[in-house]
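Keep the viewer open and follow along point by point.

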Amino acid sequence: MENETYFDVNAFANIGQSNSIFGVSLMDNMEKYPTIKVLTSDMALAAGLDRFKFLYPNNFYNVGIAEQNLIGVAAGLASEGFKCIAVAQAAFISMRCFEMVRQYLGYMRNNVILVGLNSGFLLKFFGNTHYATEDLSLMRGIPGMIVLSPADAGEAVKAFEAALQMDAPVYIRLTGPKDAPIVYKENFSFEIGKSNVLREGNDVTIFATGSMVHQVVRVGDLLEEHGIKAKVVDVHTIKPMDVDILNNSKHCKLFVSVEEHNLIGGLGSSISEYITEFTHFPPLLKLGVKDVFPMPGGYDFLLTQNRLTPEQIVEDILIKYKL
Amino acid sequence: MINYQQSIKNLEKISNELRLRIVELTYLSKKNGAHIGGSLSSVETLVTLYHSIILNRPNGLEERDRVILSKGHAALGLYCALESIGLISKEALDTFEDNGSQFLAHAKRDIMKGLEFSGGSLGLGISYAVGVALACKDKGLNNQIFVLLGDGECDEGLVWEALMCANNFNLTNFTVIVDYNHLQSDGPTEEVMNLESLHDKFSAFGFKTIEVDGHSIKDLMVAFNERSEFKPNAIIARTIKGKGVSFMENKRTWHHGSLSDTQYKRAIEELNNWNCTDGE
């Protein structure tokens, strides 16, 4: 018998979040979930679904470049008892078919797992048409949706496997390049709605999600050099928000949120929605895309432009911290 | 042997009863009003489907034929049709458009009552129905999926994504009926957004397409029975918006409306007269 908690970090190194889910984990789960149907809008190759498509041709549908219909067909299949996973670029699966997601998955409660590929500004030189810096905002605005934003490939697999067990529609936001540093170097626990503390500290609490988590681990080290002890939290679940971690961390001088997402409606907004109901929380410094369409370019160029490199994050925290 | 003449007469009678009930519930909804025009135009299609074509509960729920109302604003017509086959009770439907009632202007999914889909946003029913048809085919069910589409609804791009998809997956268990009443909110479909040739469009999308008089039970029965087993099917039902009530017929203002006491009396009178004159 294979141990259910078996987890090989190396299996996912350098293949990225999407390939880890669709090239590895999905096949491992076919026996457990024989009614799985994977649907895509012409994104099988990009998602790393080729092997699955070959091995399970009857569990795979390509609906062509038609995201609205992708969600409709997936919902129809889900209503008949199939476990459906719909895959497309994050920009299109969250925005082009937003109303379909709201109606079919939210209102009608058809439990489809949506996987948004290449979120944030990972599609670099494709430009803003292909960036998704509003997807968290949109998806979490739908009643009943669960919204996940994993930090690395291993966590993406854990998020996917947790989503398979849920009796609810789920959006999984995939971020970070294929060679993004691994955050979790050994097996760890993953529970939807329960954040993971990566580093302890009493002065500042930094909440990060997705691609920004590994950046922020580095921020913790850099702040130490300034004599500031930072607690670093991986908020892999944007909805439902983990309010326990907010309550448990409130005795520090500053909260910071970091996300590769517009400052409107994402992680920072989620945190502020909760803490502003009370009087005893520290101020929240929200770092992310400042309600602009960035100037396209390479990934590092985009990070720098949006002040999301570890050094820039440290600078911004120091200014706010010393006020 | 089924006596077709008798059967057609019977369905015509049921159609008239459905119209009376649609008018009654619209009147009872008072100022809220109802989508009466498009409900009246789809009456014969609904009656033919529910009373002659579909198998509602053949061997339990799983094998049932599924009717998906994509033109969700005809929910009132659908409720009345489901009441006529006993899936919705009169007491329940009498709450139409009351505060907190299950029976709103747009249906909410409730499979036990025959409501397969939460309609309202146009174009969404047909795409969902493609998924349902794909699932039924996959499960090896020997059932049929029917989708009632509005003509104005065909302006939606999603309709055409879904049609392309139904053909691509060779959904021979899939039939689309277009309630072609030639009117949408802002006026005649020909003026707002020209659909012609709808027949050619459906054919080009790989559907076996038949065009019929959508108020002729006989024509509808023939069309349903002549469906292809090798292709998805489309039936373009030429209808009149507001059919059966003279002052509503072909009037776009009756897409959604409420009835005054006088209008109600006149409508009921007209429908009752239809009943008498048909008795010869």
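**Notes on the two chains**

1. Let's start with a helix pair in chain B. H1(B) and H3(B) pack with their axes 9 Å apart, at an angle of about 125 degrees. Angles over 145 degrees would count as roughly antiparallel and 65 to 115 as roughly perpendicular, so H1(B) is oblique to H3(B). As for handedness, the crossing of H1(B) past H3(B) is right-handed.

2. Before going further, remember that this is a predicted model. It scores pTM 0.95 and ipTM 0.93. For chain B the average pLDDT is 94, and 97% of the residues score at least 70.

3. Back to the helix pair: which residues of H1(B) meet H3(B)? On the H1(B) side, look for Leu11(B), Ile14(B), Ser15(B), Leu18(B) and Arg19(B). Their partners in H3(B) are Val43(B), Glu44(B), Val47(B), Thr48(B), His51(B) and Ser52(B). Sorted by class, the contact of H1(B) with H3(B) has 5 nonpolar, 4 polar and 2 charged residues. Here's a handy rule for reading lists like these: an α-helix has 3.6 residues a turn, so residues three or four places apart point the same way.

4. Now click on H4(B), residues 75-84. Is this helix mostly covered or mostly open? It is mostly covered, with 9 of its 10 residues buried. The buried ones are Ala75(B), Leu76(B), Gly77(B), Leu78(B), Tyr79(B), Cys80(B), Ala81(B), Leu82(B) and Glu83(B). Just past the end of H4(B), Gly86(B) takes a positive phi of about 85 degrees.

5. Next, where the chains touch. The contact takes 19 residues from chain A and 18 from chain B. On the chain B side, the elements giving two or more residues are helix H6 (124-138) and helix H7 (157-168). H6(B) supplies the largest share of that side, 10 residues. By class, the chain B side divides into 11 nonpolar, 4 polar and 3 charged residues.

6. Most peptide bonds are trans, and most residues other than glycine have a negative phi. In chain A, though, the peptide bond from Lys239(A) to Pro240(A) is cis, with omega near 0 degrees. You'll find Pro240(A) in the loop between strand S10 (237-239) and helix H10 (243-248) of chain A. Chain B has a cis bond as well, joining Glu196(B) and Ser197(B), with omega about 0 degrees. Ser197(B) is in the loop between helix H8 (189-192) and helix H9 (198-204) of chain B.

7. Finally, two positive phi values in residues other than glycine. Asp42(A) has a phi near 65 degrees, and Asn118(A) one near 50 degrees. Asp42(A) is in the loop between strand S1 (36-40) and helix H2 (44-47) of chain A, while Asn118(A) is in the loop between strand S4 (112-117) and helix H7 (135-140) of chain A. Which of them is buried, and why? Being buried takes 20 or more other C-beta atoms within 10 Å. Asn118(A) is buried because 26 lie within 10 Å, whereas Asp42(A), with 15, is partly exposed.

Notes. Residues numbered from 1 in each chain as written. Chains lettered and ligands numbered in written order. Predicted model: local features only at pLDDT ≥ 70, side-chain atom pairs only at ≥ 80, totals over all residues. Buried ≥ 20, exposed ≤ 12 C-beta atoms within 10 Å, placed from the backbone. Helix = DSSP H or I, 4+ residues; strand = E, 2+ residues; numbered from the N terminus. Contact = placed C-beta atoms within 7 Å. Nonpolar A, V, L, I, M, F, W, Y, C, P; charged D, E, K, R; others polar. pLDDT = per-residue confidence, 0-100. Axes fitted to C-alpha atoms, helices over the stretch in contact; angles between N-to-C directions. Parallel < 35°, antiparallel > 145°, perpendicular 65-115°, else oblique. Left-handed = near helix turned anticlockwise from the far one by under 90°.
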